[in-house]
Each structure stands twice: as structure tokens, then as C-alpha cells.
Amino acid sequence: MTDGARVTGQIAAHNGLTVAQGEVESPHSLIVRFSQSDPLVMDSGVTLAPLSIAYQTYGQLNADKSNAVLICHALTGDQHVANVHPITGKPGWWDTMVGPGKPIDTDRFFVICSNVVGGCMGTTGPASLNPTTGQPYGLDLPVVTIRDMVRAQAKLVDYLGIDELFCVAGGSMGGMQVLQWAALFPQRVFSAMPIAAGARHSSQNIAFHEVGRQAIMADPDWEGGRYFNSGKRPVKGLAVARMAAHITYMSDEALHHKFGRKLQDRSAPTFSFDADFQIESYLRHQGSSFVERFDANSYLYVTRAMDYFDLAADYGGSLAQAFRGTRTRFCVVSFSSDWLFPTSDSRAIVHALNANGASVSFVDIETDKGHDAFLLDLPEFFATSRGFIDAAAKARGLPPAKDALRQG
Amino acid sequence: MSEFHRPLAGSSIRADARVDLLVIANMVQPGSRVLDVGCGDGTLLRLLSESRNVDARGMELSQKGVNDCVAKGLSVIQGDADSDLADYPDDAFDYVILSQTLQATYHPRRVLEHMLRIGKFAIVSFPNFGHWRIRTQLMFKGRMPVTENLSYAWYDTPNIHFCTIRDFVAMVDEIGAGIERGVALNRWGSPIRFEAPWWVWNLFGEQGVFLLRRKP
């Protein structure tokens, strides 16, 4: 039995609808709907309306609305940062970082995270209904950029009545959004944490994304993006896309330690194309579990948004210009074994910030965990995050953590 | 107690701070913008922000030093004085500080020129290779001097560009910078009398601390 056959598709909870369609109809989240009269103006030159934004919040907004933290999620993440995920039943993707007493302390801060435009967890995306046809958008949704995602988040922040965010934080594609926030709305970002990110998507990164997209589009069940009519899902293509991408999230060293050349439940190779090696079995599992929760068309849109990201290009080729005169406090974080967004990408951001005399901290965390390290429990990462956030909170005049109060 | 050694009100780390750091901290005007190049574990940055209400930033070569600093809430980046000062714009800071690091740079003169470009003032402290103990070791033992302050053997020392106080003053002159204030500290960390002639400083100062100003 192949992994593709084992996968039943994302049809489950919503009467034959995909997870993405189910989340559009009745999201497991707070949702704000902007009407036709309040459209999202997009980089592609068109407007998107109506616009729904699905989001989660944690903690309490204080009286002068100065303690809001916006978390930006990565490519396949969503708004369920620190609660049990409604589809997978797993813990929130960043509940090591966000929660009571955690570095992003929900006892002190009002934490917001919204699903990105083009996503599949309730925010307007390819599974949403196109008002002109009454059918899901499919590929008729305009191509989305990182700046479009950020503009949509700004509409949500406006709706919540917040002028200035105390902190905007995120890893990978989330880090791209953090940089875009700081460039687009400098006066609205008191502090910023771009983690395991870059100011542009590299040629190599675009190449990996293209492999993933081609795998999806080569799946006959994709049907030009109109698979919602047939009841089939391009699960094989999406699983292959995930498998290819997942390789880029781990370091060679970590793969070697975890799997090496070890065989899966057998003592000798089978002289077949079965998953003899543990790494094959692991990747197949990653692929098949991914398709249960993620929409193939969304994968096309969100990877494209990352590909198009080149912050310097928007400012005449100079990244320093993107941050001109910034008063935001930055903490740039990279991981030594991340080859998707290598330390040199973070260093380029730091150089551009230095060129503006900006307040910037930069830590490179020594680890073999690769790009995904930002999602993992790394004490040094949390210690530096806590130090930065506490110092920024002090500078913003926010009260210290409960523990600090008790101690002194 | 000299004016350079007066205790720094509000600081929690005066007692174990290096003497030259106290001297440097007292050269900095309260409320100014400071970049500490080679900030180590952030002792001077903390001293400055706690006692002088300074907007203090740091650059440090060792990643561990950087991470420790950031975990303490200090604004520090990993970087190299030789290569990374070039990124900073002119006049980004009031003071750029280089404490006990000049002798470890590849291009001390270029580093100093960048410091005076980035900051209105530069503050430099460095070990004086003209101190009588060093001279006598070389003269009588015929071997590269190893002292309490300079404890490395010649083959593993990070200090590749030693100078004497007179050498330093000559370079400052060549660059065209002005000496706003200068202090030579003896081996107990006390300043040598200001009116003493250069040769006294050069012979009895274990380290020099200079506040430099860019010539207009």
C-alpha cells in the first residue's frame, strides 16, 4: 500500500468539504469579516473583497493598548500558536515560546496571531468563495505577497483598536512578515524579532518551492486547481511537495544522527522501492500527515508569496533604505545549521539595520537542528528571547514578569 | 580618590569592574549614545546604562559573549571590529569605545578612523608595551614579556599589534584626531599625575585610556 492510498484526503469533519472549506464556513477561531466596501489592496494591482481574517488571541489587552504582540506564522503554520490544534489535536506550534511564564508571556502580553491571506485555516484563501462565481476561488484568487499578508494583518490590528504593537515576532516566512511590518509600518512596531528568516527568498529556496508546486500540479487529481468539484484531492502531489520541503528544514548532521542509513523494520534491503530506509519512512509519514491538514492550492499561493519576497528590491535595491530612520528595537536570530535561511541572511539584515544606527541585537544559536530549530525547545534561544523581550518591555514601560516582581 | 575613580551611582557592578572600565564610564556624558566595540560579557554596557542612562549598544566577536549579553537584555550584535564598523553611518553615536581590544585588531589605525567617523568621540584603552616591567623583561630575560595583564605566550596571543603610549599618541596625531583627555593607569589602577611628562606615562603606565575627538 502506498502512502498516497493510505491517505483518505482532507475530507472529514465538514460533510464532504475539505478542511480548508470547513474552516472558511465555520472556523475554529475568532473571525473578522471586511465587507466589499473595505477591500484589501494587493500588490498584484487588484483588490480582494470580501476579506475574512481568522485569528487567535491569548492574554489580556491592557488599558492603554500597549502590550500587544503579533505573531506571524510560517509557510505551513497557522493561527493556533498556543492552543491545541482543532484539526490535528497537537499542541500549538509555538507553545514552547508563547504562554503563561514563557518568553512571550501571556500573563503580561496580549498575543495575536492570524492565518495569512492565501492560507487554509479560515482567512480568505483559494478555498474561499469567489463572490463573482459563487464557487471556491481555486487559482482565481489573486497571487498574494508577503506585503499583502502584512496589510491584512494591519487591518486586523486596526479592527482591534491597537495603534502600536509592542512586538512583532515570527520565524521563517513569519520572519519575512516581521521585516515587512518594520519596513511598512515603522511607527507601529516597537520591537521586532525576525527569526530564521531573510530579507529575500534565495534562488535555491525558489527552486525547492518550484519542485513542490510542480509535484502538486502534476497530480491528476489537482485538476488545474478545481479539485473541489470532483471530491478528489491532489494528496500525492502535496505529500511529495511536503517531503521535498521537509528535507530543507533539517540539517544533514541531524538527519545523520537521527536516521543515518538505518533500515525501517527490517534487517536487510528488500531489493525493491519500498521504504527500506528509516529516512524514507519518516518523509512519507511527514507527507501523509501534512495532507490531512493542508490545502494544495494554499500551498501554491503561500510558497509563491515567499518567492516574491525581496525587501531590498522594494526600496531601490538597498535593504538599508527599507529601515531608514527606524526606531524599532530589533532582535535578529539565526541558527548555525539552518541552510534554508543561513546565518549570512540574518547578518545581511543586521548590516542594513546598523547602517541606520538602529537598535539591534543579533544572536546565532549553535545547534544541529537546522531551520526548524525555531520551533524546538532550545534553552539558549529562549534565554536570549526572554532577555530581549524583557528589556523591550522595560523600555516600553510595561510591568515586569510576575517572577521578577516576587524576587525583587 | 581621583575624579576618574569616583563610584558610579546606581550601578550594581562597580565592585568587580575592571579599573579602565570605571575610567571610561566617567568619560561618557550621561544620556549619550554609545557603541562598545568588543563588549565582552557586557560589563561596561551595564555600567553605562545603569549609572549614566546611556543608550548603549555593543559589538562582540565571540558568539557566547553576544548571547550572554542579549539574555541580560543588552543590545549586542556579533561582529568584528576590523570588518563590521564599515557598516555604520557617520555620526551614529556620541561615543565609540574600544577597551583593551585595539591590540587584537588587524588594522588598528583603520579601526580608530572608523570609530572617529561613527562617533563624535572615541574612547580607547590599551595595554602600554612601554611599561618598565615589559622593557626590563625583554632587556634582561631576552624573551617576550609575559605579565599579569598580558599573560599569553607569544605563540598563542590574540594581541598582535602592541604599542606604547607614545606610539599611540603618535598615531592619533597622524590620523589628525585630538586628545580630549588622557589617563595612564599604574599597575594598581591609579592614574599617574596628569602634569607628568610623556616619558613618565610611557614608563610607569600599565595601560592608557584616551578620549579622542575628531578634528573638525
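Two residues are in contact if their C-beta atoms, placed from the backbone, lie within 7 Å. Helices (H or I, at least four residues) and strands (E, at least two) are DSSP runs, numbered from the N terminus. This is a predicted model, where local features need pLDDT of at least 70, side-chain atom pairs count only at pLDDT 80 or more, and totals for chains, interfaces and linings use all residues. Residues are numbered from 1 along each chain as its sequence is written, while chains are lettered from A and ligands numbered from 1 in the order in which they are written.

Start with chain B. Seven strands form an open, mixed sheet there, in the order 3-2-1-4-5-7-6; two strands pair if DSSP finds at least two bridges between them. Strand 3 (75-78) and strand 6 (177-185) of chain B are at the edges with a single partner strand each, so one side of each has no neighbour in the sheet. Inside chain B, strand 4 (93-99) pairs with strand 5 (119-127) in the parallel sense, over six bridges. B:I97 has B:I123 of strand 5 as its bridge partner.

Helix 7 (165-175) of chain B lies across strand 5, strand 6 and strand 7 (207-214) of chain B. Helix 7 of chain B runs at about 170° to strand 6 of chain B. Angles run from 0 to 180 degrees between N-to-C directions, with axes as lines fitted to C-alpha atoms, for helices over the stretch in contact.

Now chain A. Helix 5 (203-218) and helix 9 (296-308) of chain A pack at about 160°, with their axes 10 Å apart.
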